[in-house]
Amino acid sequence: MTLKNQTGAIFFSALLLLVTGCGENAKETAQGVPPSPAQKTEAPSPPPDSIPEKHLVTAKTREVYQWYCAQCHGLQGKGDGINARLLTVPPRDHTKADYLETRSDQQLFDAIKKGGLAVGRAPCMPSWEHTLDEDTMHSLVRYIRELCECEAI
């Protein structure tokens, strides 16, 4: 990803947050967004106990994190992204193990897939289920585990 693309993504994310705000109902922010190709072809979710143990963290995983997550969670995952100051609830610091090791991989996956409200957390965390495929979301969970240098207890 070039610097120009990153700048464009950051600007777009900041503009999206300003336009949509961070309301009580995260579903309101998803209205009006056309379905992505992944949304149209998404397969049903597997049962929670069938989630594969490991997904590789690749260059694509890091690129996806920089593109979709870094605007709030920061380039290094420290919760200091460009949008962080605009949010009423600070984004999670993915480098701090004290909280993340109390969360299972399934809980992190659900937060990414369904958003903060679905897991009883901040409504500012959007749902990515219509944007990212499940393999990518599992890979992001592994990347977050790398950032915190922790595993679920």
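From the N terminus on, the elements run α-α-α-α-α-α-α. Color the chain by element: there are seven helices and zero strands. Helices (H or I, at least four residues) and strands (E, at least two) are DSSP runs, numbered from the N terminus.

This is a predicted model: local features need pLDDT of at least 70, side-chain atom pairs count only at pLDDT 80 or more, and totals for chains, interfaces and linings use all residues. Residues are numbered from 1 along each chain as its sequence is written, and side-chain values use heavy atoms, with hydrogens and water left out.

**Whole chain**

Show the surface. The chain exposes about 9500 Å², and carbon and sulfur atoms supply 58% of that area. Accessible areas come from the Shrake-Rupley method with a 1.4 Å probe; for residues, only the protein chains shown count as cover. Of the 153 residues, 33% are buried. Buried means under 20% relative accessible area, exposed over 50%, and partly exposed in between (1.4 Å probe, protein chains only).

Now turn to contacts, meaning heavy atoms within 4.5 Å. Among contacts with a separation of 6 or more, 60% join residues 24 or more positions apart.

**Helix 6 against helix 7**

Select residues 105-114, helix 6, and residues 134-148, helix 7. Their axes come within 9 Å and cross at roughly 125 degrees. Axes are lines fitted to C-alpha atoms, for helices over the stretch in contact, and angles run from 0 to 180 degrees between N-to-C directions. Helix 6 and helix 7 are therefore oblique to each other. On this scale, angles under 35 degrees count as roughly parallel, over 145 as roughly antiparallel, 65 to 115 as roughly perpendicular, and the rest as oblique.

Show side chains here. Helix 6 brings D105, L108, F109, I112 and K113. Helix 7 answers with E134, M137, H138, L140, V141, R142, I144 and R145. The residues of this contact divide into seven nonpolar, one polar and five charged. Ala, Val, Leu, Ile, Met, Phe, Trp, Tyr, Cys and Pro count as nonpolar, Asp, Glu, Lys and Arg as charged, and the others, Gly among them, as polar.

Stay on helix 6. Its buried residues are L108, F109, A111, I112 and K113. Their cover includes helix 5 (97-100) and helix 7. Step just past the end of helix 6 to G115, which takes a positive phi of about 90 degrees.

**R145**

Which residues does R145 touch? Center on R145, in helix 7. At 2% relative accessibility, R145 counts as buried. Leaving out residues up to four places away in sequence, R145 touches L100, E101, R103, S104, D105, L108, C150, E151 and A152.

**T95**

Last stop: T95, in the loop between helix 4 and helix 5. Is T95 buried or partly exposed? T95 is partly exposed, with a relative accessible area of 27%. Draw a C-alpha to C-alpha distance from T95 to L147: 5.0 Å in space, 52 residues apart in sequence. Beyond residues up to four places away in sequence, T95 touches Q76, G77, K78, L147 and C148.
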